[in-house]
Amino acid sequence: MSSNHKVLSGLGVGLEAVAAEVFRVAPAKPLPIPANHTGDKEAEMRKVRSAVDAVSSQLQELGAKSEETTREIFEALEMILQDEALFEQAVEQIDQGFEAGTAFVNAVETFAELLAGDETFEERIADIRDLGRRVAGHVHGISLGLDLPNTGSYVLVGEDFSPADTAQFTDAVVGVVTIAGGPTSHTAIICRSRSIPAVVSCQGAKDLLSGQLVLVDPVGDRVVVGADLSSATRALSFVSKSQEPLVSVRANIGSLEDAVTAATSAAKGVGLFRTELLYLSSKQKPSLQQQIDSYTEILAACPEGPIVVRTIDAGSDKPVPFLNMPHEENPALGVRGFRLIKEHRDFITEQLKAIESARAKTGRDVWVMAPMIASYQEAVEFAELARSLGEYKVGIMIETPGIISAIKHLGGKLDFVSVGTNDLSQYLFAADRMHSQLGALMNHWQPGLISALADIANLSAMAGIHSGVCGESASDPAFSIVLAGLGFNSVSASPSQVGQVRSALMSVDKDQAMLVSKAALEGLSAEQSKSLALEKLASFEG
Amino acid sequence: MSTISAQVVIEDPIGFHARPAGQIVKLVKESGLEVRIGKPSEKMVKANSPLSLMALKGKSGETLVVEIDTEDQGVADGIVSQIQEFLKG
């Protein structure tokens, strides 16, 4: 590559590269300062009406392009926007002399103040204030939407993108680069699911300008200014050396559809069955029989092999409607996962009973595990409860740094542990996994995470406990080799990644995997750990 | 026109939040009738306004008064029972 190609590093999302023109999304322009109108009240009222209608139809368009949950949000917002009481309040403001935009913002503020102080409405208040800004923006001809081109091919460059932003992505968006955000940010998740090549957490992108040609090179974790596809980093190609992967590769599922998809993949069993979906959407607690039926149906559909079922992982940020979950200042550090046992022992007991009945009915090899275990006592409490209710294998999730040292005492008490690397990273680095400025710490190549994983694998092996990894990191083929080298016995990936991860794990033997993990452990930064591991992998090819 | 009034109870553990407010507004708009809701002996608000309904800040367990401008008891009963259903969460 010629030296005039500037390289901007970040975190890649996806395996395909793309080269196209930059479309720079500017930060939203500030609204004009509050002002009075010139005396024509009727004209101001008409301006409010037409701006409200315009924003309404924008919301309708956005809703029509979205999947169901997002569509419901847009419908609710539209109903609030069209609220006559809001319009009447705006008219009062116009009567007091304010121009249309200011009047509407003030009217929204009146309601925001009425609703304030009630935790149920906190998010709604933010939503309606955003509506106020959009209407005022429309009155003043300031666009707060993205205004993306519908045709052509562009790499969208911006700070980070919200759900309302990503819902507006047109087919012309062929690549995405964000200055902030991380691998678990909303932008990353959407780009992964829509197969849009992306590089997130790319600080250097702040200087990119519309019209510049860039190469989005996710495999190389970089954006290259002025380069074309010939400079793209090739995804590692794995040449199979054996018929079976070094450690077994399972699939992560959350619903019956996932189970069916996973069964068509090469996955050997399920390494993480998230059970929240069965509960988050129901207003009343499903009966024992309903739960048994759901589990039976899903277990029967899973790919052959063991099925690891995680008990309810809810918290005040993802509350289950029929369990009382009061608002918490820090939901990630609050009463969540197995900590619900204090208030809701009956519910967790019933869930375990339902899983046992489904296990007996289907004859499947079921393992159960509890999330958010932080102490030896909690691990033993769960193990004793589960063993008193069923004949499944019993284990825990490793997500909190505090539980790691207890693994050595859990031999004979637990059959297995499974590491959730997303939450483990969040708690190891004290970094909110959704925080747009802290994405770089969520990179699974961070030396601090790899070293913690090495301890977990060692302690589990010494205690005679099966160890697996079911976090996002296990879906990265190269990283799965590191995990096998560290001594983990199984990995579990998203169904779409199972094939890639299996190929990676069929391309190396145990000694090679250990060399790769040793190389990764020598890095002083995420970038260095990754490049040392990839260099070691490449050295086997010759 | 006469007004029929009835009482409902907020059974939703989260209280009277955005979702039931939206459901009630939709129902009221479809009925074409004027419907007002409020706490007993407090100011009633029009039930076609989601923001006004949310601003009642009804808590779980509280009773609300529903007033419907109609002479048709059957229609009124239907609306009241649906509102009660929405408030179960």
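This is a predicted model: local features need pLDDT of at least 70, side-chain atom pairs count only at pLDDT 80 or more; totals for chains, interfaces and linings use all residues.

User: Let's start with β10(A). Is it buried or exposed?
Analyst: Four of the five residues of β10(A) are buried, so the strand is largely enclosed by the rest of the structure.

User: Which strands does β10(A) pair with, and in what sense?
Analyst: There's β9(A), which pairs with β10(A) in the parallel sense over three bridges. β11(A), residues 307–310, also pairs with β10(A) in the parallel sense, again over three bridges.

User: What stands opposite Val270(A)?
Analyst: Ala251(A) does. Val270(A) also has a bridge partner in β11(A), namely Ile307(A).

User: What unit do β9(A), α8(A) and β10(A) make?
Analyst: Those three make a β-α-β unit, and it's right-handed.

User: OK, α8(A) then. Which of its residues are buried?
Analyst: Asp258(A), Ala259(A) and Ala262(A) are the buried residues of that helix, which runs over residues 256–264. They span an arc of only 100° around the axis, which puts them on the same side of α8(A).

User: Why would residues a few places apart point the same way?
Analyst: An α-helix has 3.6 residues a turn, so residues three or four places apart point the same way.

User: And what's on the face turned away from the buried side of α8(A)?
Analyst: That face carries Glu257(A) and Thr264(A), both exposed. The cover over the buried residues of α8(A) includes β9, β10 and α10 (288–301) of chain A.

User: Jumping to α17(A): what do its buried residues pack against?
Analyst: They pack against β9 (248–253), α16 (477–486) and β16 (490–493) of chain A. The buried residues of α17(A) include Val498(A), Gln500(A) and Arg502(A).

User: Switching to chain B. What pattern does it follow along the sequence?
Analyst: It reads β-α-β-β-α-β-α, with three helices and four strands. Chain B has 89 residues, and 36% of them count as buried. Among its contacts with a separation of 6 or more, 69% are between residues 24 or more positions apart.

User: How many residues does each chain put into the contact between them?
Analyst: Chain B puts in 17 residues and chain A puts in 17 residues. On the chain B side, α1 (18–31) and α2 (50–55) each supply at least two residues. α2(B) gives the most to that side, with five residues.

User: How do the residues on that side of chain B divide into nonpolar, polar and charged?
Analyst: Eight are nonpolar, seven are polar and two are charged.

Methods. Residues are numbered from 1 along each chain as its sequence is written. Chains are lettered from A and ligands numbered from 1 in the order in which they are written. Two residues are in contact if their C-beta atoms, placed from the backbone, lie within 7 Å. Ala, Val, Leu, Ile, Met, Phe, Trp, Tyr, Cys and Pro count as nonpolar, Asp, Glu, Lys and Arg as charged, and the others, Gly among them, as polar. A residue is buried if 20 or more other C-beta atoms lie within 10 Å of its own, exposed if 12 or fewer, and partly exposed in between; C-beta atoms are placed from the backbone. The arc is that of the directions from the helix axis to the C-beta atoms. Two strands pair if DSSP finds at least two bridges between them. A crossover is right-handed if, with the strands pointing away from the viewer, the path from the first strand over the helix to the second runs clockwise.
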